[in-house]
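Here are my notes for your first look at this fold. Read them with the structure open, and check each point as you go.

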Amino acid sequence: MTEGIHLQCRVEKINRELVVRIALEDGCVEFIECSKGASRLEGDDLISIIIPEFISETLHIEEGSIVSVSNAYGCIGLQPLTPVRLQ
């Protein structure tokens, strides 16, 4: 596996969009470059990764889900950690 930063974050809903906030401290600034087009800066210390609807549906991610976010391989990786309920 390629080196990178791996974080666990809770998915939030802001203005009807699912997002993951990452504090830009302790080396997390590296997420800015690899998340261009999928994020926006909010203030001086937060970045929000916007989760497109097709990805949230595919990965069964919703508000309150816990996800793993990484910047391995030079791009944003997102993986659900919250168990998915099967219907």
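1. Start with one term. Two strands pair if DSSP finds at least two bridges between them. With that in hand, look at Glu12, which stands opposite Val19 in strand 3. Keep in mind throughout that this is a predicted model.

2. Which way do strand 2 and strand 3 run against each other? Strand 2 covers residues 12-14 and strand 3 covers residues 17-23. Their pairing is antiparallel, over three bridges. Together they make a hairpin, with two residues between the strands. Look in the turn for Asn15, whose phi is positive, about 50°.

3. Strand 3 also pairs with strand 5, residues 46-51. Six bridges join these two, and they run antiparallel.

4. Now follow strand 5 to strand 4, residues 39-42. Four bridges hold this antiparallel pair. Ser39 stands opposite Ile49 in strand 5. This is another hairpin, with three residues between the strands. Gly43 sits in its turn and has a positive phi of about 75°.

5. Strands of a sheet pair through backbone hydrogen bonds, either parallel or antiparallel.

6. What is the strand order in the open sheet of three strands? The order is 1-6-7, and the pairing is antiparallel. Strand 1 (6-10) and strand 7 (77-80) are the edge strands, since each pairs on one side only. On average, neighbouring strands in this sheet are turned by 30° against each other, direction ignored.

7. Look at one pair in that sheet. Strand 1 and strand 6, residues 66-70, pair antiparallel over five bridges. Cys9 stands opposite Val67 in strand 6.

8. The largest nonpolar core has 16 residues. Val11, Val20, Ile22, Phe31, Ile51, Val67 and Val69 have the most contacts inside this core. Strand 3, helix 1 (30-34), strand 5 and strand 6 each give two or more residues to this core. As a general rule, in soluble globular proteins nonpolar side chains tend to be buried together.

9. Take Val20 from that list. What does Val20 touch, leaving out residues up to four places away in sequence? The contacts are Cys9, Val11, Ile47, Ser48, Ile49, Ile51, Val67, Val69 and Leu78.

10. Is Asn71 buried or exposed? Asn71 lies in the loop between strand 6 and strand 7. It counts as buried because its relative accessibility is 9%, and the cut-off for buried is under 20%. Beyond four places in sequence, Asn71 touches Gly4, Ile5, Glu30, Phe31 and Cys34. The Asn71 side chain reaches the backbone nitrogen of Ile5 at 2.6 Å. Asn71 and Ile32 are 39 residues apart along the chain, yet their C-alpha atoms are separated by 9.7 Å.

11. Compare Glu17, in strand 3. Glu17 has 30% relative accessibility, so it counts as partly exposed. Apart from residues up to four places away, Glu17 touches Glu12, Arg40 and Ile50. The side chains of Glu17 and Arg40 are joined by a polar contact of 3.2 Å. The C-alpha atoms of Glu17 and Ile49 are separated by 9.9 Å, with the two residues 32 apart along the chain.

Methods
Residues are numbered from 1 along each chain as its sequence is written. This is a predicted model: local features need pLDDT of at least 70, side-chain atom pairs count only at pLDDT 80 or more; totals for chains, interfaces and linings use all residues. Side-chain values use heavy atoms; hydrogens and water are left out. Axes are lines fitted to C-alpha atoms, for helices over the stretch in contact, and angles run from 0 to 180 degrees between N-to-C directions. A nonpolar core is a set of buried Ala, Val, Leu, Ile, Met, Phe, Trp, Tyr and Cys residues joined through side-chain atoms within 4.5 Å. Buried means under 20% relative accessible area, exposed over 50%, partly exposed in between (1.4 Å probe, protein chains only). Contact means heavy atoms within 4.5 Å. A polar contact is a pair of N or O atoms within 3.5 Å; within protein, one must be able to donate a hydrogen and the other to accept it, and residues adjacent in sequence count only if both atoms are side-chain atoms.
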